[in-house]
Structures are given as structure tokens and as C-alpha cells.
Amino acid sequence: MESKKISTIAVLTSGGDAPAMNAATRAVVRTALARGLKVKGIKRGYSGLLKEEIIDMDSKSVSNTISHGGTILYTARCEEFKKPEVQQEAAEICRKHGIDGLVVIGGDGSFRGAGKLAALGVNTVALPGTIDLDIACTEYTIGFDTAVNTAMEAIDKIKDTSMSHERCSVIEVMGRDAGYIALWCGIATGAENILIPERFDGNLPNTESAVIENILRSRAKGKNHHIIVNAEGVGHSYGMAKRIEAATGIETRATILGHMQRGGNPTAKDRVYASMMGAYAVDLLIKGGTNRVVGYKHGEYVDFDIEEALAMTKDIDDYQLEIAEILGKTMGTNA
Ligand code: ADP
Ligand code: F6P
């Protein structure tokens, strides 16, 4: 790590919003101020950086934000930021505004942008802000816990109706190409089937046949309702519900939970982890860190080189999946 004294840092949120991005922003601002630095907020991610939507931030700018979802800095996707000449322009804007440390809160797309700025001399640290938990270098991402709790509560409610009407319910949760939200919600709500992209071979008829078989088997054992948590990476929930109904004769409804999973007041876990990560990012910049991603592994906050972090892979834990299947199975009658 190169060591260069910094005096002004900036923070931006980029890509999809996630609950507790505000907690992270607040921690960046207040830790930086406590360390004697000046702080700037960049609105609307890389897009706002290019338009110089840069504001001064003080302790009050982040008052009463820790409990709120969304991002007070707004967020955006900015396709043109993938162009080298645009990245160069952004690095010059950072220099023009005296920004010598930048915290980027977002997903792996945003990390790529952060890496480019670091290569152009802007000391940059990225924080994993995404509900999807699809960042390989970390066991925790900002917003995942809240999203899972939101989806779990929604599924619990749908389950009440499913039980009353003795129906099947297919509930689609977010996660992009990852099945973490589905797996966690599935375990937390006792779902009979959990469909995740990591274990989906693209053969929808086969997958649906297995679900239908499971429904018929557990009906025969006396179970009168069925919850199928389907990750958006598998998708086709409405068609799936129709085909399940046709094959089983059991009324089946599909619900796509959608963006409600991205909003809402963050859980205590998200507020605390996001706060710690925000503070960690500032202290890392002060120590001369650049081109780093902050993660959480084996009970500790850690950091990795951005390119190394982007090259890492992770997969759903097979044991967790096996236990989810065991726990969702109807063993006896009236389960
Ligand atoms: P997320 O950060 O949630 O993964 P995106 O993949 O949409 O979301 O990326 C957010 C933004 O990061 C993009 O709109 C773009 O501005 C920037 N970005 C993504 N990929 C790159 C890249 N290869 N080079 C530079 N910037 C990128
Ligand atoms: O990455 C977060 C996420 O909510 C994914 O789960 C989902 O696939 C995607 O963003 C939706 O993006 P948008 O807000 O652009 O519809």
C-alpha cells in the first residue's frame, strides 16, 4: 500500500440501493470528521461525480439517517463510466475538488469503477452494498439481512393465506444470479421447496416435475399447504404456478415480492455492520490504503485488493442446502 496523507474524503453510493447504505455513509462522514478530515458527498454515484454533484458534509448532514432505508446520496447506474476517457475525467474532477480519498458503496459493478479510479491515482476503498450477498470476498453485504427479514415477513403472511385456502404459493424473491436470499428465506419460513439459480440446470420442466412430485407426496401425507421460494435467477414464477396447478389440481398462486425487498428500515445487524465497515474504510484510507474492498470473514472485518476480490468466487453451501431440504420435508402426517 502506498502511504499518502489525506485531508479530504468523499463518499458515494452506486448501483442498486440497499438498506443501511445510509448507516455506512453516516459512519464514513462521522469517522472522517472525528479523525480531522473534511468530508464531501457525491450524489447519484459515478453519474453525479461526472456532473460534479458534490456537496460538503458535516455531522448534521447524516443526522437521523441510520434508521432509514434507501440512500440519502441517491444512487444511479452510469454506463458511460465504463469508458477509460470518462474515468480519466472523473479522476480529474476528484483532484479538482481536493478529494484524496474516496469511499464507494455498491456492488461488484461499482467495485470495477472504484478500481479504475484507484488506478488513476484516486485513493479508493469500496464497501459491499447489495441485498444479493453475491460478493465473493465477504460473508456479509450491506442490506442482505434486512432484505431477508423483509422477504421472510412477507412469506409468513402469504403462508397464512396459503394455509387457510389449502393452496400452493410460489414466491419469487430477488438476488439477481444468486440464491442467497431465497435459501435464507426458505429456511426461515420452512418452505417445502427452494429453487436457486446455483443449482438450476436450465431444465425448467425437470425442476417443476420435482416440485410437483414433492407437493403430491406431502399432500398424501396430510400436508395441506406448500410454500415454494423461487429465486428470480430461476424465474418463471407465474407460469410455474399455472403448471403446478394443472398437474396437481391444487390451487396455486404466484407472488413476486420485487423492490419491497430493497427498502425499509435496516435491521440492527445491518446498521451495526454497515457502521463498522464505513468506519473501517475511513481508517484504511488514512493508513494509505487504496484499491481495496472491505469484507467480513470469520468474525472479522478485512480488506482485499479490488482485482483480487473481483476474481474470487463463492458458492452456496451444500450442507446448508441439504439441511434446508430436510427441514422442509413432510415426514409424517399433519405436518
Ligand atoms: P452494482 O454495483 O450494484 O453491481 P452495476 O453492476 O449496475 O451495480 O454497476 C454500478 C455502476 O458501476 C455502473 O453503472 C457503472 O457506472 C459502474 N461500473 C460497472 N462496471 C464497470 C466497469 N467495468 N468499469 C467501470 N465502471 C463500471
Ligand atoms: O442487485 C440488487 C437487485 O435488487 C437484484 O436483486 C435485482 O436483480 C436487481 O437489483 C433489480 O434491479 P432494478 O432496481 O434495476 O430493477
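In this predicted model, 16 residues surround ligand 1. The closest are Arg-77, Cys-78, Gly-107, Gly-109 and Ser-110. The side chain of Arg-77 places an N or O atom 3.0 Å from an oxygen atom of ligand 1. Gly-107 uses its backbone instead, with an N or O atom 2.9 Å from a ligand oxygen. The backbone of Gly-109 also takes part, and here the distance to an oxygen atom of ligand 1 is 3.0 Å. On its own, ligand 1 has 550 Å² of accessible area, and the protein covers 83% of this area.

Gly-175 brings a polar backbone atom to 3.0 Å from an oxygen atom of ligand 2. Two side chains also reach this ligand. An N or O atom of the Glu-232 side chain lies 2.5 Å from a ligand 2 oxygen. For the side chain of His-259, the corresponding distance is 2.9 Å. The protein covers 75% of the 400 Å² of accessible area that ligand 2 has on its own.

The protein itself is divided into two domains. Domain 1 is made of two stretches, 8-143 and 266-311. Domain 2 spans 147-261. Their C-alpha centres lie 35 Å apart. The contact between them takes seven residues from domain 1 and nine residues from domain 2.

How much area do domain 1 and domain 2 bury between them? The value is about 680 Å², and 58% of it is on carbon and sulfur atoms. On the side of domain 1, Ile-131, Asp-132 and Leu-133 lose the most area to domain 2. Together these residues account for 63% of what that side buries.

One salt bridge is found between domain 1 and domain 2. A salt bridge also joins the side chains of Arg-176 and Asp-132, with N and O 3.9 Å apart. One residue pair is in polar contact between the two domains. The side of domain 1 that touches domain 2 has two nonpolar, two polar and three charged residues.

Methods:
Residues are numbered from 1 along each chain as its sequence is written. Chains are lettered from A and ligands numbered from 1 in the order in which they are written. This is a predicted model: local features need pLDDT of at least 70, side-chain atom pairs count only at pLDDT 80 or more; totals for chains, interfaces and linings use all residues. Side-chain values use heavy atoms; hydrogens and water are left out. Domain bounds come from an automatic or database domain assignment. Contact means heavy atoms within 4.5 Å. Buried area is the accessible area (1.4 Å probe) that two parts lose on being put together, summed over both. A salt bridge is a side-chain nitrogen of Lys or Arg within 4 Å of a carboxyl oxygen of Asp or Glu. A polar contact is a pair of N or O atoms within 3.5 Å; within protein, one must be able to donate a hydrogen and the other to accept it, and residues adjacent in sequence count only if both atoms are side-chain atoms. Ala, Val, Leu, Ile, Met, Phe, Trp, Tyr, Cys and Pro count as nonpolar, Asp, Glu, Lys and Arg as charged, and the others, Gly among them, as polar. A residue is near a molecule or strand if one of its heavy atoms lies within 4 Å of it. Accessible areas come from the Shrake-Rupley method with a 1.4 Å probe; for residues, only the protein chains shown count as cover.
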